[in-house]
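The model is a predicted one, and the points below are grouped by topic.

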Amino acid sequence: MSRKDGTEDGRAPRARGAEARTWPAPHPSGARPPELDARALPRHVAVVMDGNGRWANQRGLPRVEGHRAGERALVDVVAGAVEAGVEWLSLYAFSTENWKRSPAEVRFLMGFSRQTIREDRDLFDSWGVRIVWSGRRPRLWRSVAKELVVAERQTQHNAGLGLNLCVNYGSRLEIADAVKQVALDVAAGRLDPARVTERTVAARFGALDAGPVAGLARPPRPHIPDVDLFVRTSGEQRLSNFLLWQSAYAELCFVPELWPDVDRRVLWRTLEEFAGRGRRFGGATDTPVAGGAPGREAG
Ligand code: IPE
Ligand code: IPE
Ligand code: MG
């Protein structure tokens, strides 16, 4: 298969990841990622992995069985992002609001996250994936934070897909914490308040959580570009406090599949939809249609 970006067999990653050590096994259906020009690919895809509880309840099972079934979807979507040549994939795994759930569900989610990170990080590492954790330290089980930091350290030099695992993540808190860090820098005389810009704030995301975890130093946080494509599964059409700042100009894509029913083909469908969108970022170009009907707008 020839690619529009010039790679020969369609298996070589395009944007990043040329150093990936092994390639994910193809999807069992034989489906291949869409043939898109590299410029039509989102650099950063954010996914709200929603619908686990409904998936389980529809089968007469307790909600936690949906979380268990969702792990397969997560691994497959990461494989699909690697194959497609996406640069960054952010996955919403646990929000700062999810502590409102029953103690039993929270306990399951913590234990299951710890186990999943431990079990999947070697596979992701073998694909050249660089894992980054976004989220708050307070309240998160220390053992979960530790597994995340072990994954960050193990994969920090990988140049393939950046996988931003959002665990105990809330966007408003992330922004408030960055503002707190700005205030601390101003108070310490390190920052001139007159020079505070959007970049000053964004550069401090995660800064308050940058210290060592369980005695393990965290690698420096890489720059993560803004979200280009924001996907939510399960038919819900809301943001639920996910990457609000970073998604200021994201294209939104809501898909009906419940998360455990998702595989990489769903991700690829959203990439195709994204490629067909016209992004303007507030700009505009004058493109009158020749012979256009008077009084009608060209769009
Ligand atoms: C998403 O599925 C997973 C997490 C929030 C951890 P849900 O658990 O929200 O499933 P629904 O939305 O109730 O079906
Ligand atoms: C968002 O989903 C959080 C995650 C997917 C981790 P929720 O299911 O918690 O969001 P709401 O409550 O339906 O808005
Ligand atoms: Mg939900």
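In this predicted model, H3 packs against helix H4 (residues 142–155) with the two axes 9 Å apart and at an angle of about 10°. H3 and H4 are therefore roughly parallel to each other, an angle under 35 degrees being counted in that way.

**H3 with H4**

- On the H3 side, the residues that meet H4 are Met110, Ser113, Arg114, Ile117, Arg118, Arg121, Asp122 and Asp125, and their partners in H4 are Ser143, Val144, Glu147, Leu148, Val150, Ala151, Gln154 and Thr155.
- Sorted by class, this contact of H3 with H4 contains six nonpolar, four polar and six charged residues.

**H2 with H3**

- Helix H2 (residues 63–84) and helix H3 (residues 103–126) have axes that come within 11 Å and cross at roughly 25°, which makes H2 roughly parallel to H3.
- The crossing of H2 and H3 is right-handed, and H2 contributes Arg63, Val64, His67, Arg68, Glu71, Leu74, Val75 and Val78 to the contact, while H3 contributes Glu105, Phe108, Leu109, Phe112, Thr116, Asp120, Leu123 and Phe124.
- By class, nine nonpolar, two polar and five charged residues make up the contact of H2 with H3.

**H2 with H7**

- The axes of H2 and helix H7 (residues 264–275) come within 8 Å and cross at roughly 45°, so that H2 is oblique to H7.
- H2 passes H7 in a right-handed crossing, where Asp76, Val77, Ala79, Gly80, Ala81, Glu83 and Ala84 of H2 are in contact with Arg264, Leu267, Trp268 and Leu271 of H7.
- The contact of H2 with H7 comprises seven nonpolar, one polar and three charged residues.

**Surroundings of ligand 1**

- Ligand 1 is surrounded by Met49, Asp50, Gly51, Asn52, Gly53, Arg54, Arg63, His67, Ala93, Asn98, Arg101 and Leu109; among these residues, Arg63 and His67 also belong to the H2 side of the contact with H3, and Leu109 to the H3 side.
- In the side chain of Asp50, an N or O atom lies 2.8 Å from an oxygen atom of ligand 1.
- Backbone atoms also approach ligand 1, with an N or O atom of the Gly53 backbone 2.9 Å from an oxygen atom of the ligand, and a backbone N or O atom of Arg54 2.7 Å from an oxygen atom of ligand 1.

**Surroundings of ligand 2**

- Around ligand 2 are Val48, Met49, Asp50, Tyr92, Ala93, Phe94, Asn98, Arg101, Arg232, Arg238 and Ser240; of these, Met49, Asp50, Ala93, Asn98 and Arg101 are also found around ligand 1.
- The side chain of Asp50 has an N or O atom 3.2 Å from an oxygen atom of ligand 2, and a polar side-chain atom of Asn98 lies 2.9 Å from an oxygen atom of ligand 2.
- An N or O atom in the side chain of Arg238 is 2.8 Å from an oxygen atom of ligand 2.

Note on methods. Residues are numbered from 1 along each chain as its sequence is written. Chains are lettered from A and ligands numbered from 1 in the order in which they are written. This is a predicted model: local features need pLDDT of at least 70, side-chain atom pairs count only at pLDDT 80 or more; totals for chains, interfaces and linings use all residues. Side-chain values use heavy atoms; hydrogens and water are left out. Axes are lines fitted to C-alpha atoms, for helices over the stretch in contact, and angles run from 0 to 180 degrees between N-to-C directions. Helices (H or I, at least four residues) and strands (E, at least two) are DSSP runs, numbered from the N terminus. Angles under 35 degrees count as roughly parallel, over 145 as roughly antiparallel, 65 to 115 as roughly perpendicular and the rest as oblique. A crossing is left-handed if the near helix is turned anticlockwise from the far one by less than a right angle, and right-handed if clockwise. Contact means heavy atoms within 4.5 Å. Ala, Val, Leu, Ile, Met, Phe, Trp, Tyr, Cys and Pro count as nonpolar, Asp, Glu, Lys and Arg as charged, and the others, Gly among them, as polar. A residue is near a molecule or strand if one of its heavy atoms lies within 4 Å of it. A polar contact is a pair of N or O atoms within 3.5 Å; within protein, one must be able to donate a hydrogen and the other to accept it, and residues adjacent in sequence count only if both atoms are side-chain atoms.
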